[in-house]
Amino acid sequence: MNNPGACTAAESELVVLSEASPLDGVELVMFDLDGTLIDSAPSLAQAVDTMLTQLNRPEAGLDKVRQWIGNGAPMLVKRALSDSREVDPSLPERLQQHAFDLFMSAYSGCSDGAEHAAQLYPGVLECLRELQRRSVAMALVTNKPAQFLPSILQTLELDGFFGQVIGGDTLAQKKPHPLPLQHCLQHVGVTADKALMVGDSAADVGAARAAGVKVVAVSYGYSFPQPVAASQPDWLVDCVTELL
């Protein structure tokens with residue numbers, strides 16, 4: 001699948017919250033997936049609505065689901081059952097597990113149609129190819145379940161860029177815990193001061209801060225209820241090519 005567009009200088013300008021350039025001295029760049037590299041909200045919304053329909057509940061729709069993405073599939077399911085970003089603490093565990101199973105089954109088959117397929121954000125392939133040309137190591141650190149990652153990366157032609165691919169259930173902890181980032185640092189053999197995290201949410205910024213890694217936030221992702229700028233990343237960009 002081709003990149004649907006390319007960023008232009010007229011579209012955005014790097015907002016510098018730190019004086020240094022994002023890539024200065026960087027040997028490893030760790031990317032979030034949903035809301036950073038790809039817009040997966042349509043396929044996630046389809047799976048959520050399929051799950052809710054099977055539970056005889058009203059569909060949520062794309063606008064609501066966009067506000068619920070970012071903390072992994074189990075949390076997305078809980079928010080859908082609560083019809084709110086704030087999870088209902090009285091949700092029965094049995095219902096949560098049943099709903100999660102329905103969601104996972106629905107999501108496994110919901111991305112085949114063009115209407116619901118994930119799309120690359122503008123500038124993503126350009127950025128990744130340039131980092132690869134510069135021999136900068138790259139890793140993918142997402143809270144999406146690992147089982148879905150190989151097919152998504154292959155379909156969107158992203159499977160040749162990342163030396164490490166960490167899903168939300170790959171390790172014992174997921175973002176905003178620093179463990180996924182620390183795992184990548186150890187695997188590549190670089191220190192935190194030579195790494196960069198790129199994401200769209202408070203979870204990405206929190207994980208980076210906890211791991212001692214500088215962080216770039218993109219302005220266009222799934223940051224709710226507050227804009228990602230409120231998390232105080234080191235840089236805020238409207239397109240990932242602004243890193244270059």
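Helices (DSSP runs of H or I, at least four residues) and strands (DSSP runs of E, at least two) are numbered from the N terminus, and just after the helix called H7, glycine 189 takes a positive phi of about 85°. The model is a predicted one, in which local features need pLDDT of at least 70 and side-chain atom pairs count only at pLDDT 80 or more, while totals for chains, interfaces and linings use all residues. Residues are numbered from 1 along each chain as its sequence is written, and side-chain values use heavy atoms, with hydrogens and water left out.

**The chain as a whole**

- The chain has eight helices and nine strands, and 50% of its 244 residues are buried, where buried means under 20% relative accessible area, exposed means over 50%, and partly exposed lies in between (1.4 Å probe, protein chains only).
- Among contacts (heavy atoms within 4.5 Å) between residues at least 6 apart in sequence, 68% join residues at least 24 apart.

- In helix H7, which runs over residues 179–188, the buried residues are Pro180, Leu181, Cys184 and Leu185.
- An α-helix has 3.6 residues a turn, so residues three or four places apart point the same way.
- On the other side of H7, Gln186 and His187 are exposed.
- The cover over the buried residues of H7 includes strands S2 (28–31), S5 (137–141), S6 (164–166) and S7 (195–199), together with helix H8 (202–211).

**Strand S2 and its partners**

- Leu28 and Met30 point one way from S2, whereas Val29 and Phe31 point the other way, and all are buried.
- S2 pairs with S5 in the parallel sense over four bridges, and S2 also pairs with S7 in the parallel sense over four bridges, where two strands pair if DSSP finds at least two bridges between them.
- Valine 29 stands opposite methionine 138 in S5, while methionine 30 stands opposite methionine 197 in S7.

**Nonpolar cores**

- A nonpolar core is a set of buried Ala, Val, Leu, Ile, Met, Phe, Trp, Tyr and Cys residues joined through side-chain atoms within 4.5 Å, and in the largest one, which has 59 residues, Phe31, Met51, Phe103, Leu158 and Phe162 touch the most other members.
- Helix H1 (residues 41–54) gives the most to this core, with seven residues.
- A second, separate core of 21 residues includes Val190, Ala195, Met197 and Val228.

**Cysteines and threonine 142**

- The structure holds zero disulfides, a disulfide being a pair of cysteine sulfur atoms within 2.5 Å.
- Cysteine 127 is in no disulfide, and the nearest cysteine sulfur, that of cysteine 239, is 7.9 Å away.
- Cysteine 127 counts as buried because its relative accessibility is 1%, and cysteine 184 is buried with a relative accessible area of 0%.
- Threonine 142 lies in the loop between S5 and helix H6 (149–155), and counts as buried at 2% relative accessibility.
- Leaving aside residues up to four places away in sequence, threonine 142 touches Asp32, Leu33, Asp34, Leu149, Ile166, Gly167, Gly168 and Lys175.
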